[in-house]
Amino acid sequence: MTQYWDCKAKHIPGCPPQDLEREQNMTAAASLLRRGGLVAFPTETVYGLGADARSTDAVERIFAAKGRPADNPLIVHIAELDELGAFVQPPSPLALRLMQAFWPGPLTMVLSVRPGVLSPRVTAGLDTVGVRMPDHPLALQLIRAAGCPVAGPSANRSGRPSPTSAAHVLEDLDGRIDGVLDGGPTGIGVESTVVELVTGEDGAELVRILRPGGVTREQLQHWVDHVEVDGEGDKSSPSDPTFTPRSPGLKYTHYAPEGSLTVIQGEPERMLSWIRAKTTAVQDSGLRTGWLTFDDHVRQAAADVVVSCGDRKQPEEMARRLYAALRQMDEQQVQVIYAEACPENGIGAAVLNRILKASGGRFVQI
Ligand code: TXA
Ligand code: MG
């Protein structure tokens, strides 16, 4: 059975019973983690599925619950910088500067692992480990109370959109995990940015983005001169199925809704008439259609199910709404989905990356 702890209540000054209840929930959740259990918890990005990263039994249960391929390593979550030294090699000065700038926050740093502390299943045989310090009070409280590094992939079944609410976690994992802490909807809505530091041809360290996410390229560029994106400038690109990403998890069709999804990019009017024509043809063949669009096009959409990700000029809003929108398509049993590409500025780059992933390479430039 999956235990459910409601931790949504905000702290109300002078109202200790809520604090007490939250404290009790946290103690119960942390003790489950310490005993090798699986506890889903909110972070500022998406919900994570936590387990003691030192315990192979616990970590194996994550892979089983999610149906996750064994070669896809897990991110380790910490609550304090000084926990890091126990399981990674000393980070470079640039790595330390980035941690100080962005932690707690949605940046995962790929660092050299110190052997013998984490379960080898966490790193999937690599000599590196992805680490981050989430910016969410419940996540930090849980990690501190558990007193161990917490392995935490997104708390969805593999291949499903990541969960941005406790209800999404239960939709996918009820009965497969031991508990979920409900902290309400997550703030950012897409996962953390995964980066590695590499030495460039001039001998200087540069940042390579392996997965775009909550920390934008523009933000990273404030701290480091050279930021490159994995695959950028290669002949093949992330919208090309032959592209082989450096981050193991990115080679799988992730975030996939059950219907087939096609991404369309182009001049708005041409794009709208293309989607309209396709939608009509697909409906005529008896299939249920969906449009993943933005507020400005909602009234023009002719599909059976129309879901807006909000204002296309507000990438933060799109990010917050994307995964719930994809899940809504599944709930409404949509078979063919047309998704409009979004502008790529700021966190829009992460949103576009996820929509392209969801499409499994079906991309049309009009
Ligand atoms: O925001 C997030 O990052 C969320 C929350 C829960 O923290 N977690 C998350 O974990 O998205 P997950 O497992 O769903 O995605 C982790 C990604 C995968 O693509 C994985 O392949 C990559 O990070 N990754 C993990 N360790 C790595 C490593 N050592 N080298 C390269 N990529 C790594
Ligand atoms: Mg995931």
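Buried means under 20% relative accessible area, exposed over 50%, and partly exposed in between (1.4 Å probe, protein chains only). This is a predicted model, in which local features need pLDDT of at least 70 and side-chain atom pairs count only at pLDDT 80 or more, while totals for chains, interfaces and linings use all residues. Residues are numbered from 1 along each chain as its sequence is written, chains are lettered from A and ligands numbered from 1 in the order in which they are written, and side-chain values use heavy atoms, with hydrogens and water left out. Helices (H or I, at least four residues) and strands (E, at least two) are DSSP runs, numbered from the N terminus. Contact means heavy atoms within 4.5 Å.

**Backbone exceptions**

- Most residues other than glycine have a negative phi, and most peptide bonds are trans.
- Ala124, in the loop between helix H4 (120-123) and strand S6 (128-132), has a positive phi near 50°. Ala124 counts as partly exposed because its relative accessibility is 26%.
- Gln333 also has a positive phi near 50° and sits in the loop between H9 and S15. With 61% relative accessibility, Gln333 counts as exposed.
- Trp103 and Pro104 are joined by a cis peptide bond with omega about -10°. Pro104 belongs to the loop between helix H3 (93-102) and strand S5 (107-112).

**Nonpolar cores**

- A nonpolar core is a set of buried Ala, Val, Leu, Ile, Met, Phe, Trp, Tyr and Cys residues joined through side-chain atoms within 4.5 Å.
- The largest such core has 66 residues, and Met109 and Leu220 have the most contacts inside it. Helix H5 (residues 137-146) supplies the largest share of this core, 6 residues.
- Apart from this core lies another, of 29 residues, including Val190, Val305, Val334 and Leu356.
- Not counting residues up to four places away in sequence, Met109 touches several residues, among them Trp103, Val129, Val131 and Leu197.

**Helix H6**

- Ala166, His168, Val169, Asp172 and Leu173 are the buried residues of helix H6 (residues 166-173). They cover an arc of only 155° around the axis (taken from the directions from the helix axis to the C-beta atoms), which puts them on the same side of H6.
- The partners that these buried residues pack against include strand S1 (3-6), helix H2 (56-66) and helix H9 (315-331).
- Gly175, which follows H6, has a positive phi near 85°.

**Parallel sheet and its helices**

- Five strands form an open sheet in the order S14-S13-S15-S12-S16, with parallel pairing; two strands pair if DSSP finds at least two bridges between them.
- Strand S14 (305-308) and strand S16 (363-365) stand at the edges with a single partner strand each, so one side of each has no neighbour in the sheet.
- Strand S12 (residues 260-265) and S16 run parallel and are joined by 3 bridges. Gln265 stands opposite Gln365 in S16.
- H9 lies across S12, S13, S14 and strand S15 (336-340), at about 175° to S13. Axes are lines fitted to C-alpha atoms, for helices over the stretch in contact, and angles run from 0 to 180 degrees between N-to-C directions.

- Val282, in helix H8, is buried because its relative accessible area is 14%. Val282 and Gln335 are 53 residues apart in sequence, and 9.5 Å separates their C-alpha atoms.
- Arg288 lies in the loop between helix H8 (268-284) and strand S13 (289-293) and is partly exposed at 31% relative accessibility.
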